[in-house]
Amino acid sequence: MGTVENLIEGTERMKLALLKAIEVGYRHFDTAAVYQTEEPLGEAIAEALQIGLIKSRDELFITSKLWCVDAHPDRVLPALRNSLRNLKLEYLDLYLIHYPASFKPGEFVVDAPKDEILPMDYRSVWAAMEECQNLGFTKSIGVSNFSCKKLQELMATANIPPVVNQVEMSPTFQQKNLREYCKANNIMVTAYSVLGSKGTYWGSNAIMGSEVLHQIAVARGKSIAQVSMRWVYEQGVSLIVKSFNEERMRENFKIFDWELTAEDLEKIGEIPQSRTISADFLVSASGPFKSSEEFWDEKA
């Protein structure tokens, strides 16, 4: 269950939606310092325990992420501790580096001025992530939005390899090369924007407007969202989806008792590919990434 919001409409609304998700049966919740949703998630967890929706915090899998301004070796542990305070938890199940870039250290900001975007020192920042795991503040550590090349650079000096790389992935952006690299290196891929994030400023209608997915959905008696999620699931990838609508929360669960056919998979394999998520806020003429292609390690 994702918690990123385009427009935060009050922590109470968020808390109630997350509480409903726990009631429906969701157990993995994905948040981040930059989402500003750690506090309502923590409140929802506390209330779920209080009213008996769950018996123990251990029933949940909680992920949060290190933001770029804190991606410096001396700021990683304090940032994680701050996330734990927000969540009212003693430990995370998974802590991720949100993006492979750092901002100039200072006050917490979502976007930094272009001259304050810095290259990340993978060796020292990852060593600090490893310390967080060794101290028991998180059970596992990983990354998000890392290309094969950047994963290779990070792992060259890692003592504990990343267990997860959370990236955009869907039928319209299938990430075949990255998935193969991660599988070869025992890194679990977690997919976000599985449904294209329609309705957000960064989103796309590529999934919900796909004629191929529509035809498969009609033939299977499923929704386009269910077809997209089932395809991701069949690739051996964990997935994050978000809805604050109870009916859609329940619908999103109904992907485990049916399969796509070989013909379905062939048709999905032929869908034109395009990335939805932009990293333009990390692109700068004076910074480590001069273009989007350089950030994602793609050919222009």
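How many residues does H2 have, and how far does H2 reach from its first C-alpha to its last? I looked this up first. H2 has 14 residues and spans 20 Å between those two atoms, close to the 20 Å expected at 1.5 Å a residue. The expected span is 1.5 Å times one less than the number of residues. Helices (H or I, at least four residues) and strands (E, at least two) are DSSP runs, numbered from the N terminus.

I noted the basis of the model. It is predicted, local features need pLDDT of at least 70, side-chain atom pairs count only at pLDDT 80 or more, and totals for chains, interfaces and linings use all residues. Residues are numbered from 1 along each chain as its sequence is written, and side-chain values use heavy atoms, with hydrogens and water left out.

After H2 comes Gly52, with a positive phi near 85°.

I then looked at Tyr35, in the loop between strand S1 (28-30) and helix H2 (38-51). An unreviewed UniProt entry places the feature "active site" there; such annotations may be inferred rather than shown by experiment. Tyr35 counts as buried because its relative accessible area is 15%.

Last, I checked Met249 in helix H9 (residues 246-253). Met249 is buried because its relative accessibility is 0%. Leaving aside neighbours within four places in sequence, I found Met249 in contact (heavy atoms within 4.5 Å) with residues including Met1, Ala17 and Tyr26.

Notes: Buried means under 20% relative accessible area, exposed over 50%, partly exposed in between (1.4 Å probe, protein chains only).
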